[in-house]
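Hello,

Here is the structure you will be taking over. My notes follow below it.

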Amino acid sequence: MANFNTHLNTAFMVSGTLSLTVYKAGLVDDPGFLMCVALGTIGGLLPDLDSDNSTPIKLGFNITSFVFAFGLVMHWRDDLSLLSLIVLWLAGYCFMRYTVFSVFTNMTVHRGVIHSVPYMAILGLGLTCLSYYVLQISLTASWFYGLFLFGGALVHLLLDEIYSVNLSNMKMKRSSGTAMKFYQHKDKWWYLLIYVVLAMLLYLAPPFEPFWQQLRDPAPWAQLKVGILPDIIEDMLRERTR
C-alpha cells in the first residue's frame, strides 16, 4: 500500500488541479475553491481511518480530544474551581485520546469496511447533505464538496491498488483487491448496513439534476477554454498556424 506522504501529495495535486479547473470555469467562488482543495486532500487520507497506526487517525483523535476537553471546561467554567477545571481538562482529554481511541481501534480492522468505495460514498453524500441542509450552502457548492471528498478517497483507494502490483515481475501482491472494494463476504452484514445507509442518503440528498445541468452547460467550459493557455503561448501558436 502507498505511504502517508504519497496519499497526501497525490490527493493534493489531483484535488488542486480539478479545483482550479472548476474555479477557472466560474463554477465555484474563492472560498469554494479552497474548500474543494482541502476536502479533496482530506478525502485522500480518510480510508486509513481504520488503521491503528495511521497518521490521520492519530492526528484526528488528538484534535478531537483537545476540542472535547476544551468544551468540557467551557461548559463548567463558572461552576468549578481552577483546580477542578484542570482535572476535568485532563480527564476529558485522556478519556477521548486513550479510552475512545482504544475502543475505536479495537472495533475496526485495517482494510475492513471503512476501506471501501461504498463507505467513502456515504461520507461524501453525508457531507453534501450536511452542507446543503444544515449549513445552508448553495446546491452547487454542496455537491462539489461531497464529490471532492469522495474523489480524494477514490484516489487513495486507487493508489493502494496500484501499489499492490509488483511491477518488477508484474505479479499481484496478497493485498490486491483489498483496497478498492465494494463488498466482502466475511463482512456481509456490515455491507448490508452500509448499502442501506447509502440508499437512504441517496434518497435524502439534494436534487442532483440542477447541478448536473450546470455541469453540462457549455458556457463555463467555453470560458475555461479561452483562458487555458498564457497569452504568450497562444500568440506563438497563432504565428505557427499562419
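One aromatic cluster is formed by W143, F144, F148, F208, F211 and W212. This is a predicted model: local features need pLDDT of at least 70, side-chain atom pairs count only at pLDDT 80 or more, and totals for chains, interfaces and linings use all residues. Residues are numbered from 1 along each chain as its sequence is written, and side-chain values use heavy atoms, with hydrogens and water left out.

W143 and F211 are stacked (planes under 30 degrees apart). Their centres are 6.2 Å apart, with 20° between the planes. W143 sits in helix α6, F211 in helix α8 (residues 209-216), 68 residues apart. Helices here are DSSP runs of H or I, at least four residues, numbered from the N terminus.

F144 is buried, with a relative accessible area of 5%.

Next, the helix packing. α2 (residues 30-43) and α6 (residues 139-162) pack at about 30°, with axes 6 Å apart. Axes are lines fitted to C-alpha atoms over the stretch in contact, and angles run from 0 to 180 degrees between N-to-C directions. So α2 is roughly parallel to α6 (angles under 35 degrees). Residues in the contact (heavy atoms within 4.5 Å) include M35 and L39 of α2 and F144 and F148 of α6.

Best wishes

Key. Helices (H or I, at least four residues) and strands (E, at least two) are DSSP runs, numbered from the N terminus. Angles under 35 degrees count as roughly parallel, over 145 as roughly antiparallel, 65 to 115 as roughly perpendicular and the rest as oblique. Rings of Phe, Tyr and Trp (its six-membered ring) pair if their centres lie within 6.5 Å; planes under 30 degrees apart count as stacked, over 60 as edge-to-face and the rest as tilted. Buried means under 20% relative accessible area, exposed over 50%, partly exposed in between (1.4 Å probe, protein chains only).
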